[in-house]
Amino acid sequence: MADTATFTPAAGSITMFSTSWCGYCARLKSQLDKQGIGYTEVNIEEVEGAAELVAAVNGGNQTVPTVVFPDGSTATNPSAREVAERIG
């Protein structure tokens, strides 16, 4: 299984774990796009080890969107405001 270090983004951006059918993911991506916040999207149904990593940081649940911040910390279904505040 991958760990969060594998997906830790550069400063000023995030890694977002998602699925193609997740409405909350689509909303967060739209909000981040409007605010000019960069992100790398990782589809947990397509990238090996991603679903297991998301489950590991969410108490066994494959909840998306799950976000990894540059400091290696994570958040589940954060608001765009929380993302902006945490990446500085």
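## Salt bridges and a buried helix

The side chains of Arg 81 and Glu 85 come together in a salt bridge, with N and O 3.2 Å apart. Keep in mind that this is a predicted model. Arg 81 and Glu 85 sit four residues apart in helix H3 (residues 80–87), so about one helical turn separates them. Why does that spacing work for a pair in a helix? An α-helix has 3.6 residues a turn, so residues three or four places apart point the same way. Both partners sit on the outside: Arg 81 counts as exposed at 63% relative accessibility, and Glu 85 is exposed too, with 54%.

How many salt bridges does the structure hold? There are three, and here they are side by side.

| Salt bridge | N to O distance |
|---|---|
| Arg 81 and Glu 85 | 3.2 Å |
| Glu 82 and Arg 86 | 3.1 Å |
| Lys 29 and Glu 41 | 2.9 Å |

Glu 82 and Arg 86 are also four residues apart in helix H3, about one helical turn. Here, though, Glu 82 is partly exposed at 28% relative accessibility, and Arg 86 is partly exposed at 36%.

Now for Lys 29 and Glu 41, whose side chains meet in a salt bridge. Lys 29 lies in helix H1 (residues 23–35) and Glu 41 in strand E2, so this pair ties together parts that are 12 residues apart in sequence. Is Lys 29 buried or exposed? Lys 29 is buried, with a relative accessible area of 18%, while Glu 41 is partly exposed at 38%.

Let's zoom out to the whole fold. The protein has three helices and four strands, and reading along the sequence gives you the pattern β-α-β-α-β-β-α. For 88 residues, a compact globule would have a radius of gyration near 12 Å, and the protein's 12 Å agrees with that. Its C-alpha atoms fill a box of roughly 30 × 25 × 20 Å along the principal axes.

What about the inside? Of the 88 residues, 42% are buried.

As for charge, the mean positions of the 5 positive and 10 negative charges lie 13 Å apart.

Definitions and conventions: Residues numbered from 1 in each chain as written. Predicted model: local features only at pLDDT ≥ 70, side-chain atom pairs only at ≥ 80, totals over all residues. Heavy atoms only, no water. Helix = DSSP H or I, 4+ residues; strand = E, 2+ residues; numbered from the N terminus. Rg over C-alpha atoms; globule rule 2.2 N^0.38 Å. Buried < 20%, exposed > 50% of the residue type's maximum accessible area, 1.4 Å probe, protein only. Lys, Arg positive; Asp, Glu negative; His and termini not counted. Charge placed at Lys NZ, Arg CZ, Asp CG, Glu CD. Salt bridge = Lys/Arg side-chain N within 4 Å of Asp/Glu carboxyl O.
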